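Grab a pencil and keep the model open beside you.

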Amino acid sequence: MDVVIFYYAQGVIFDNMRNLHKRHLYLLVLSAFVLMLAHAAFPSAARAQTDEIQVYDAEIEEVGKFNVMVHSNFTPIGRKTADFPGGIIPNDSVNGAVEWAYGVTPWMEQGLYFPVYSAYSKDRGGSLNGFKIRELFVRPHAHDHVFFYGVNFEFSVNYKYWESRRITSEVRPIIGLHLHPWDIVFNPIVDTDYTGGFGNLEFVPALRVAYNLNDKWAVAGEWYSDFGPLRHFDPLNDQFHEVWAVVDHGGKHISVETGVGVGLTAGSDKLTFKLMLSGDLNPR
């Protein structure tokens, strides 16, 4: 039954992409297949679910080009209770999003996450979870600079089982160094549900340290966290902290990022897999 629901959710994505080139449809098929295998291999056994597990590095799409990225995350061993009544239970869930991006200028990229979805979650099956709009501003041609920076603004419209509030937002500063062959990138992210003022902003930083084996392959360690509201961080055991081992491959037509994350605290998911597949829609 889980597999049937998974393919139903992926079918929604296909309907939105039927006019794309075959290699970009292949991107989605591969994503569905890998997550289906992962779900079969791991039977069912204080933070919102996430559609995206990624550290932003100030790289954006070239001006005039479209890109699509499929985010797929599977949590075989996760938190067994929802973060709010009626919410999605992380344990054994498969979540993701299709991210559309367009290069507006050398320093700005416009993005849209649609759909944000769960291919499967306990007691709910497959579901659509809303959409997000983002504006990403960066130092132009970040890959050519030792020091790079940027900031991403994200505006989410959520279904009631994805977040406790209908409208939420994220501000994601980007600070990084290209030290060749090492990259160090820090995203001191803050989230808001527009309640409680400045002190209620949620501090959810992320860090990536990568070693570039060559111009196509990289290995990285990543850290994702949620400390709680700025006015008073949650007790350490209730905070969300995960460390990740990640591999990146930049292909000619399709780029891949995949990894496995392990939780460090009781408030974290114990085991999560991610797969991100991306490609340009109008390559030259």
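**Exercise 1: valine 171**

Valine 171 sits in strand 6 (strands are DSSP runs of E, at least two residues, numbered from the N terminus). A word on the source: this is a predicted model, where local features need pLDDT of at least 70, side-chain atom pairs count only at pLDDT 80 or more, and totals for chains, interfaces and linings use all residues. Residues are numbered from 1 along each chain as its sequence is written, and side-chain values use heavy atoms, with hydrogens and water left out.

Work out why valine 171 counts as partly exposed.

*Solution.* Start with the cut-offs: buried means under 20% relative accessible area, exposed over 50%, and partly exposed in between (1.4 Å probe, protein chains only). Valine 171 has 30% relative accessibility, so it counts as partly exposed.

**Exercise 2: strand 15**

*Solution.* As for cover, eight of the 10 residues in strand 15 (271–280) are buried.

**Exercise 3: tyrosine 224**

List some contacts of tyrosine 224 (heavy atoms within 4.5 Å).

*Solution.* Skip neighbours within four places in sequence; what's left includes Ile53, Pro205, Phe240, Trp244 and Lys274.

Technical notes. Helix = DSSP H or I, 4+ residues; strand = E, 2+ residues; numbered from the N terminus. Contact = heavy atoms within 4.5 Å.
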